[in-house]
Structures are given as structure tokens and as C-alpha cells.
Amino acid sequence: LDDFRNMAVAATDPYSGDSIASFSSRGPTYCTSDGSIAIKPDIAAPGVNTYSSVPGGYSSYSGTSMASPHVNGVMALMLSANPDLTSEQVKTIIYNTAVDMGPSGKDNDFGYGQIDAVAAVEAALETVTMTISYPDGRPEFVDPNGGTSIAIEISGNVAPQGGSGKLHWSAGGGSGEVAMADVPGGMVGTFPAFDCGAAVSWYISVESVEGDLVYSPYGAPSESWQSDAWSGIEVA
């Protein structure tokens, strides 16, 4: 085992000043690769009278099994904020942003402290290299005659490589890509012509100055955004 393939979670009691729950196991532990002594748990989260879904409704339960999902949820939020995070980065951020409880530093009651979801997500966002967003939204419809433009804004800690933006599309069995024009703060691309009524799948790629290729949506080219080729003109 190592620090990044396991995580021991303690349960705290939010109804008693976030004290460690009476049933929460304490360290130290000898469950290490070489049998040496180590501090456990690693992190703490609320686990007393936690409201949760159950078959047919909802109920409240207590246990470290209720504290652990808090940690899983924070991890999910962090990866939503920055899908590029490694497991090492996720755990390091969680440990570094935890609210220190009990003795100063990591201890055998709370570990690094109680997890702080807001601080962890904010720290995850600070690691984002480059983010693509749509200030005018993504088009539900594109003009089949061509000419529908789409604007993107680019933010993050790393700048985009000028002239690297591409609008990739596929429709009606065909596919292609269109170079996007650089504008202040982002880029603009223009859809070509399509058969009227065609379902258009598209995604955007931009290269950073560090040579990384960033996609929107994140899972492209396996995933894509969808639009329909309609003029918006109704014929009676």
C-alpha cells in the first residue's frame, strides 16, 4: 500500500462541535507495506446521523460508511472542476485544504483534519491549465446554408497557441474541420453548409503554448456537442 492507493476516513459528529465520533476507529496502525507504525486515519468527514437515501425513501445513519461518501463526493466535485487531476493531486489537495482538528498536524483521531469541500474545489480550479467556455452559449441550430458562428472564451493558467483552434464537425456521413480565428480572450469559428435537417456533431480543440491539446467537450473526440441544421424558417 502507499499514500495514494488507500485512504482511511474518520467520522466526526456535526452535532457535537465536529468532535470525533465515539465509534470512529483511531490510530496508530501497523497496516503498512513493511509493518512499521503509521498515523491513521487520513481524513475526517461528518458521519453521525447522516441523511441518506435508502430503498423506498430516506433515513439517517451513523458510521464511517456515512463519512466516506462525503470524501467521494468532494473528489467528484474536484474532478468535475479539473478532469486532468491525478489521484496524487486529488489526495494532496484534500489533505492540504482540510481543517486541522485535534493536535496540530496529522493525528490519530482526525488524520489531516476535516475535509473542506469548498477549499478543495477552489484548489482544484487553480490547477486548471486551460478552460474553454461559450459566452454566447452553444447553438441548438446551425444554418444549413452555412455561416453560423460560434465564439469561445479561453481561461486558465496557460495561454493558447495562436491559430491552433479548430472546429471539428461530422454530419450526414461526412466530416471535416474549420480553423478558428483568434479574437481577444478567445476564438471564433464558423460552421460550413450542411444538408437541411442534418444532425451535426461537433467539438473544439485548442493547443496550449505548452503543447497540450485541450478539447471541448472534455471527452472529445469520443464525445461531441450536438446541433441540428435548420434555417429557422417555417414554410406553410
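**Close-up views of a predicted model**

View 1. Ser 68 is partly exposed, with a relative accessible area of 25%. Ser 68 is a residue of helix 1.

**View 2. The largest pocket and its lining.** The volume of the largest pocket is about 420 Å³. Its lining is formed by 19 residues, and those nearest the centre of the pocket are Pro 83, Met 130, Val 214, Tyr 215 and Tyr 218. At least two lining residues come from each of helix 1 (64–81), strand 6 (131–133) and strand 14 (213–216). Strand 14 provides the largest share, with 4 residues. Sorted by class, the lining of the largest pocket comprises 12 nonpolar, 5 polar and 2 charged residues.

View 3. Helix 3 spans residues 117–126, and its buried residues are Ala 120, Val 121, Ala 123 and Ala 124. These four residues lie on the same side of helix 3, because the arc that they cover around the axis is only 160°. The cover over the buried residues of helix 3 includes helix 1 and helix 2 (87–97). On the face turned away from the buried side, helix 3 carries the exposed residues Val 118 and Glu 126.

**View 4. The N-terminal end of helix 3.** The N-terminal end of helix 3 is capped by Asp 116. In this cap, a side-chain oxygen of Asp 116 lies 3.3 Å from the backbone nitrogen of Val 118. Val 118 is also one of the exposed residues on the face of helix 3 turned away from its buried side.

**View 5. Thr 29 in the loop between strand 2 and strand 3.** Thr 29 is located in the loop that lies between strand 2 (19–20) and strand 3 (43–46). Thr 29 counts as buried because its relative accessible area is 16%, the cut-off for this class being under 20%. A polar atom of the Thr 29 side chain lies 3.0 Å from the backbone nitrogen of Cys 31. When residues up to four places away in sequence are not counted, Thr 29 touches Ser 36, Ile 37, Ala 38 and Lys 40.

Technical notes
Residues numbered from 1 in each chain as written. Predicted model: local features only at pLDDT ≥ 70, side-chain atom pairs only at ≥ 80, totals over all residues. Heavy atoms only, no water. 1 Å grid on protein atoms, 1.4 Å probe; cavity = no way out; pocket = protein on both sides within 12 Å on 5 of 7 lines; lining within 4 Å. Points joined across faces, edges and corners; volume = space filled by probe spheres on them. Nonpolar A, V, L, I, M, F, W, Y, C, P; charged D, E, K, R; others polar. Buried < 20%, exposed > 50% of the residue type's maximum accessible area, 1.4 Å probe, protein only. Arc of directions from axis to C-beta. Contact = heavy atoms within 4.5 Å. Polar contact = N/O pair within 3.5 Å; in protein donor to acceptor, adjacent residues only side chain to side chain.
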